[in-house]
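Work through the exercises below with the sequence and the model open. Each one is a task followed by a solution in steps.

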Amino acid sequence: MTEKSVECGQVIVSSSRTLGVNEASGLARIGDASFLVVDDEHGIFHCTGDGKSVQLDVGRELIDLEGIAITPDGRFVCVLSEDDGGVWRYRIDGHRLHGGERLGTLPPLSKKKNRGWEGIAFAAPGSLDMRTVLLAAHQAKPRRVGLFDADTLEQRALLRLPKEARKTIGDLNDIAVDGNGRILLLSGKTGRIAEMRLESGTLALVRVYRIETSKDDVPEGISVDAEGRVWICTDGKGML
């Protein structure tokens, strides 16, 4: 693949609406077409997708939430704190969350106090591995994709971006994976989504998509639902 062949085209937006959370940094769709959304300053919200949002009681004490993902069986949701790399798991009960188990922390990849992990996603059994895998995107210096045990956070792999991707996309804001193991990396400030696949333990770039971005409304979160639809939320105007 040459550098000229990397760019593939513009993402076509089929719908756009207000989330009701202006500083949305990550989202995950739940069964009734509503969303769980994290705000890096105010915690976890339930959003109906029509501009209405409710802040949930759980997670208000957590700092700098940047990632959120629902387990493949739909029973639990995990959130990620970029500040210390902590991953917390809650049980889903309709539009409510219960519990609050700290699974552990993702490993530091730099000497900075902020761990730099920006987004998480779950890969269902059979898509990347025989077991459920938690994927995490490290924003910058270094840009990495980590694969971890979904229950213990034991590191299974720490993957570098392929050369073509490093030249094309900027800092990583979030990560998503579909049922076929297709990995999507969001780079909001550069307005890019990189589609990757895992080949013999390394990341391979499939194609890159352009998305709209601006200084006051940056794509921060990406998620793929059970039907394979891709959802993106923005930090600034809080668009879905």
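## Exercise 1: Leu153

Leu153 is buried, with a relative accessible area of 8%. The model is a predicted one.

Solution. 
- Step 1. Leu153 belongs to the loop between E12 and strand E13 (155-160).
- Step 2. Its phi is near 65°, a positive value in a residue other than glycine.
- Step 3. The cut-off for buried is under 20% relative accessible area, and Leu153 has 8%, so it counts as buried.

## Exercise 2: strand E4 and its partners

Task: Which strands does E4 pair with, and how many of its residues are buried?

Solution. 
- Step 1. Strand E3 (residues 35-39) is joined to E4 by five bridges, and the two run antiparallel. The hairpin from E3 to E4 passes through three residues.
- Step 2. Strand E5 (residues 53-55) is joined to E4 by three bridges, again with an antiparallel run. Five residues lie between E4 and E5 in their hairpin, and Gly49 in the turn has a positive phi of about 90°.
- Step 3. Take His46 in E4 as a reference point: Leu36 stands opposite it, and in E5 the bridge partner of His46 is Val54.
- Step 4. Strand E4 covers residues 43-47, and five of the five are buried, so the strand is largely enclosed by the rest of the structure.

## Exercise 3: salt bridges

Task: Give the count of salt bridges, then describe the pairs Glu101 with Arg89, Asp178 with Arg182, and Arg197 with Glu199.

Solution. 
- Step 1. Side chains of opposite charge can pair when their charged atoms come close. The cut-off used here is a side-chain nitrogen of Lys or Arg within 4 Å of a carboxyl oxygen of Asp or Glu.
- Step 2. By this rule there are 14 salt bridges.
- Step 3. Glu101 and Arg89 form a salt bridge with an N to O distance of 2.9 Å. Glu101 is in strand E9 (residues 96-105) and Arg89 in strand E8 (residues 86-93), so this pair ties together parts that are 12 residues apart in sequence. Glu101 is partly exposed at 42% relative accessibility, whereas Arg89 is buried at 17%.
- Step 4. Asp178 and Arg182 meet at 3.0 Å, N to O. Asp178 is buried at 12% relative accessibility, and Arg182 is partly exposed at 25%.
- Step 5. For Arg197 and Glu199 the N to O distance is 2.1 Å. Arg197 is partly exposed, with 38% relative accessible area, and Glu199 is partly exposed at 33%.
- Step 6. Arg29, Asp225, Glu227 and Arg229 are linked in a salt-bridge network.

## Exercise 4: a positive surface patch

Task: Which residues form the positive surface patch, and which helix gives the most to it?

Solution. 
- Step 1. The patch is made up of Arg160, Lys163, Arg166 and Lys167.
- Step 2. Helix H1 (residues 163-168) gives the most, with three residues.
- Step 3. Lys163 is in helix H1. Its relative accessibility is 52%, and therefore it counts as exposed.

## Exercise 5: Pro72

Task: Where does Pro72 lie, and what distance separates its C-alpha atom from that of Gly31?

Solution. 
- Step 1. Pro72 is in the loop between strand E6 (65-70) and strand E7 (76-81).
- Step 2. With 42% relative accessibility, Pro72 counts as partly exposed.
- Step 3. Pro72 and Gly31 are 41 residues apart along the chain, and their C-alpha atoms are separated by 12 Å.

Terms used:
Residues numbered from 1 in each chain as written. Predicted model: local features only at pLDDT ≥ 70, side-chain atom pairs only at ≥ 80, totals over all residues. Heavy atoms only, no water. Buried < 20%, exposed > 50% of the residue type's maximum accessible area, 1.4 Å probe, protein only. Helix = DSSP H or I, 4+ residues; strand = E, 2+ residues; numbered from the N terminus. Pairing = 2+ DSSP bridges. Patch = residues over 30% accessible without salt bridge, like charges linked within 9 Å, V, L, I, M, F, W, Y side chains within 5 Å. Areas by Shrake-Rupley, 256 points an atom, 1.4 Å probe, with all protein chains shown as cover. Lys, Arg positive; Asp, Glu negative; His and termini not counted. Charge placed at Lys NZ, Arg CZ, Asp CG, Glu CD.
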